[in-house]
Amino acid sequence: GNMITYLSENWTAGVWVNYNRGTYTHDTQGNILTYILESWTNNAWVNFYRFTAVYNSNRKILSWVDDYWVNDAWAATYRSTNTYDANGDLVSSLNENWTINTWVASDQVTNTFDNNHNMLTSLDQLWSYNTWVNFTRITETYDTNHNMLTYLDENWADSIWVNYIQQ
């Protein structure tokens, strides 16, 4: 089954004391639609954080939003919107921050895949002064059994890709 709620307590002065609790809602497919985290403050449960997600018919997350409880109301802080190809592979994610009553792009990730759903490239770009700027790039190769052969992580610096991690 799906977790509906949980309770966390701290051992304080020889007794268990409420710390936080989480509550989940799910759709009929078992996907998490909402998650709310509350903190125990002044002997009462107080909202702290909320996650809300929307899924497509293939149970893939189309978008999700992070909210925090501010001045007795939910305040949006972060949103991610995903796009999938016909094979169900995640080809792009647009990430945005809520700033001065509007969504402002922070970064976007664009992925490519082979016919076996192996990710070949992942490009992360930051939104800076109204343009996309390269940030990181991952390149992977695979054998015919889908085993990863190479992994290369590069950072964008001074208008060129610079090696960072290789596996």
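Predicted model: local features only at pLDDT ≥ 70, side-chain atom pairs only at ≥ 80, totals over all residues.
Which side chains meet in a salt bridge with an N to O distance of 2.9 Å, one of them being Glu154? The legends below lead to the partner, starting with the whole chain.

Figure 1. Residues are numbered from 1 along each chain as its sequence is written, and side-chain values use heavy atoms, leaving out hydrogens and water. You will find 12 strands and 0 helices here; both are DSSP runs numbered from the N terminus, with at least four residues (H or I) for a helix and at least two (E) for a strand. Along the principal axes, the C-alpha atoms fill a box of roughly 55 × 40 × 35 Å. Buried residues make up 25% of the 167 residues; buried means under 20% relative accessible area, exposed over 50%, and partly exposed in between, using a 1.4 Å probe and protein chains only.

**Figure 2. Arg137 is the salt-bridge partner of Glu154.** Here is the reply to the opening question: the side chains of Glu154 and Arg137 meet at 2.9 Å, N to O. A salt bridge is a side-chain nitrogen of Lys or Arg within 4 Å of a carboxyl oxygen of Asp or Glu. Glu154 sits in strand 11 (residues 148–157) and Arg137 in strand 10 (residues 131–142), so the pair ties together parts that are 17 residues apart in sequence. Glu154 is buried, with a relative accessible area of 7%, while Arg137 is partly exposed at 26%.

**Figure 3. Arg79 pairs with Glu96.** The closest N and O atoms of this salt bridge are 2.8 Å apart. The pair links distant parts of the chain, with Glu96 in strand 7 (residues 90–99) and Arg79 in strand 6 (residues 73–84), 17 residues apart. Glu96 counts as buried because its relative accessibility is 9%; Arg79, at 24%, counts as partly exposed.

**Figure 4. Arg50 meets Asp67.** Look for the side chains of Arg50 and Asp67, joined by a salt bridge of 2.9 Å, N to O. Arg50 belongs to strand 4 (residues 44–55) and Asp67 to strand 5 (residues 61–70), so this pair, 17 residues apart, also links distant parts of the chain. Asp67 has a relative accessibility of 6% and therefore counts as buried, whereas Arg50, at 23%, is partly exposed. A search of the whole structure finds 4 salt bridges.
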